[in-house]
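Here are a few friendly notes to read alongside the model.

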Amino acid sequence: ARDSLRLEAGLCLYGHDMDTTTTPIEASLLWAISKVRRADGTRAGGFPGADTVFAQQQAGVARKRVGLLPQERTPVREGAQIVDQAGKVVGEVCSGGFGPTLGAPVAMGYVDTEHAALDTALFAVVRGKQVALKVSKMPFVAQRYYRG
């Protein structure tokens, strides 16, 4: 249950969706850096990797974590290659499974930045077969968190 819910919420699981080689910019986790510590904040920086994060904000990154919606019922799992229309590998799925709230499979993966735009048509290679994907916004299910 935890895994399907965190996947629907677009939340990362350490060791799968991010690790020590992943930056907050690549992982789409800029929200996790407090506003005062961001490049335009009143106390910019002061955290490990700040120079790298700020440089990536300016110059961009080669890959981005994106939401992926399989266009058929086939589940797309971690490790599946992501290919473009020509069959060129452009990324890899980092988490995938069935989203019970959506009633459909969902996945997250890292793709080359030029393939990260919403609604980009891609394919996951699952057991030698291409499964159509669409790059989607995250979270897949609207969050209903509240501060008490």
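1. **Overall make-up.** The protein chain has two helices and six strands, where helices (H or I, at least four residues) and strands (E, at least two) are DSSP runs numbered from the N terminus. In sequence order the pattern is α-α-β-β-β-β-β-β. The radius of gyration is 16 Å, close to the 15 Å of the globule rule for 148 residues, so the chain is as compact as a globular protein of that length; the radius is taken over C-alpha atoms, and the rule is 2.2 Å times the number of residues to the power 0.38.

2. **Basis of the values.** Please keep in mind that this is a predicted model, in which local features need pLDDT of at least 70 and side-chain atom pairs count only at pLDDT 80 or more, while totals for chains, interfaces and linings use all residues. Residues are numbered from 1 along each chain as its sequence is written, and side-chain values use heavy atoms, with hydrogens and water left out.

3. **The barrel.** Six strands close into a barrel in the order 1-4-3-2-5-6, with antiparallel pairing (two strands pair if DSSP finds at least two bridges between them). Strand 3 and strand 4 are joined antiparallel over eight bridges, and Val93 faces Gly109 of strand 4.

4. **The cores.** The largest nonpolar core has 15 residues, and Leu68, Val76, Ile82, Val93, Leu122 and Leu133 have the most contacts inside it. Such a core is a set of buried Ala, Val, Leu, Ile, Met, Phe, Trp, Tyr and Cys residues joined through side-chain atoms within 4.5 Å; buried means under 20% relative accessible area, exposed over 50%, and partly exposed in between (1.4 Å probe, protein chains only). Two or more residues each come from strand 1 (63-70), strand 3 (89-99), strand 4 (104-112), strand 5 (121-126) and strand 6 (129-136). Another core, of eight residues, lies apart from this one and includes Leu7, Ala27, Leu29 and Phe140.

5. **Val93 up close.** Beyond its neighbours within four places in sequence, Val93 is in contact (heavy atoms within 4.5 Å) with residues including Leu68, Val76, Ile82, Ala107 and Met108.

6. **The cysteines.** The structure holds zero disulfides. Cys94 is buried, at 5% relative accessible area.

Definitions and conventions:
A disulfide is a pair of cysteine sulfur atoms within 2.5 Å.
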